[in-house]
Amino acid sequence: MGLFQALHAYLISPVLTLLILLAVAAVLVQWLIQFDITPPGHPIVRSLMRVHEAVLGPLLRPIRKAIPPLGGVLDVGPMVLILGLSFLNSYLIPAVFSVLP
């Protein structure tokens with residue numbers, strides 16, 4: 001295993017996987033709030049949303065500017081982010097690292 005493959009396997013891929021999992025958790029929490037299953041003022045929900053905004057906010061802002069909410073309600077930004085990070089992790093980064101020595 002070369003340096004770049006090890007870098008991808010042990011650093012880049014786990015970080016991207018954590019970002020994907022955080023985005024999935026944020027989507028689930030937003031759905032729970034949207035369907036009135038949990039109140040938005042709950043301390044755990046507030047702390048999860050603060051972490052979501054701090055970590056994923058900078059990644060989601062450009063996506064939300066390009067793709068507004070569908071019907072004014074459905075925010076597809078996190079779904080686009082999940083697909084983009086998955087593509088980056090599974091295909092693009094390994095392809096780039098495979099051509100490096």
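Glu53 counts as partly exposed, at 37% relative accessibility, where partly exposed sits between buried, under 20% relative accessible area, and exposed, over 50% (1.4 Å probe, protein chains only). Before I go on, a word on what we are looking at: this is a predicted model, where local features need pLDDT of at least 70, side-chain atom pairs count only at pLDDT 80 or more, and totals for chains, interfaces and linings use all residues. Residues are numbered from 1 along each chain as its sequence is written, and side-chain values use heavy atoms, with hydrogens and water left out.

So, back to Glu53. Its side chain meets that of Arg61 in a salt bridge, 3.3 Å from N to O; by salt bridge I mean a side-chain nitrogen of Lys or Arg within 4 Å of a carboxyl oxygen of Asp or Glu. Arg61 is partly exposed too, at 46%.

How many salt bridges does that rule give? The count comes to 2. The other pair is Arg64 and Asp75, with the closest N and O atoms 2.9 Å apart. That pair links distant parts of the chain, since Arg64 belongs to helix 2 and Asp75 to the loop between helix 2 and helix 3, 11 residues apart. Helices here are DSSP runs of H or I, at least four residues, numbered from the N terminus. Arg64 is partly exposed at 28%.

Now please look at helix 3, residues 77-99. With 23 residues at 1.5 Å each, it should span 33 Å, and its end C-alpha atoms are 32 Å apart, which agrees; the expected span is 1.5 Å times one less than the number of residues. Helix 3 also bends by about 45° at Leu88, the bend being the angle between axes fitted to the seven residues ending there and the seven starting there. Its buried residues include Leu81, Leu85, Ile93 and Phe97, and the buried residues of helix 3 pack against helix 1 and helix 2, with contact meaning heavy atoms within 4.5 Å.

Last stop: the loop between helix 1 (3-34) and helix 2 (43-66), where we find Ile37. Asp36 lies in that loop as well. Most residues other than glycine have a negative phi. Asp36 is exposed at 69%, and Ile37 is exposed at 60%.

Conventions:
Helices (H or I, at least four residues) and strands (E, at least two) are DSSP runs, numbered from the N terminus.
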